[in-house]
Amino acid sequence: MTKQELKYMGNFVEKEFTPYPSFEVTYIRISELNREKQRYEKSLNVSLSI
C-alpha cells in the first residue's frame, strides 16, 4: 500500500467509527471453533506490548 492509501484509510476510519471511543489494546486473543461443542475455545493470547 502507498502512503497516500494509508492516509485515506485512516481518514475514512475516523469518520466511520466516530463517535465510538478509542481504547487501548494490549493483546489479541486467538480462538478456535470447536465444531462438536459449537463454540469458540481460547487457543492463544498474543501480547502487543513492545
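Two strands are said to pair if DSSP finds at least two bridges between them.

**View 1. The paired strands of the predicted model.** In this predicted model, strand 1, which covers residues 27-34, and strand 2, which covers residues 39-47, pair in the antiparallel sense over 8 bridges. One of the residues to look for here is leucine 33, whose bridge partner in strand 2 is tyrosine 40.

**View 2. The turn of the hairpin.** Between strand 1 and strand 2 the hairpin has 4 residues, and glutamine 38 in this hairpin takes a positive phi near 55°.

**View 3. The order of elements along the chain.** Among contacts between residues at least 6 apart in sequence, 0% join residues that are at least 24 apart.

**View 4. The extent and surface of the chain.** The radius of gyration of the chain is 17 Å, whereas a compact globule of 50 residues would have a value near 10 Å. Taken along the principal axes, the C-alpha atoms fill a box of roughly 45 × 25 × 25 Å. Of the 50 residues, 2% count as buried, where buried means under 20% relative accessible area. The accessible surface comes to about 5500 Å², and carbon and sulfur atoms account for 55% of that surface.

**View 5. The charged side chains.** The chain carries 8 positive and 7 negative side chains, and the centres of these two sets lie 2 Å apart.

Conventions: Residues are numbered from 1 along each chain as its sequence is written. This is a predicted model: local features need pLDDT of at least 70, side-chain atom pairs count only at pLDDT 80 or more; totals for chains, interfaces and linings use all residues. Side-chain values use heavy atoms; hydrogens and water are left out. The radius of gyration is taken over C-alpha atoms; the globule rule is 2.2 Å times the number of residues to the power 0.38. Buried means under 20% relative accessible area, exposed over 50%, partly exposed in between (1.4 Å probe, protein chains only). Contact means heavy atoms within 4.5 Å. Accessible areas come from the Shrake-Rupley method with a 1.4 Å probe; for residues, only the protein chains shown count as cover. Lys and Arg count as positive and Asp and Glu as negative; His and the chain ends are not counted. The place of a charge is taken as NZ of Lys, CZ of Arg, CG of Asp or CD of Glu. Helices (H or I, at least four residues) and strands (E, at least two) are DSSP runs, numbered from the N terminus.
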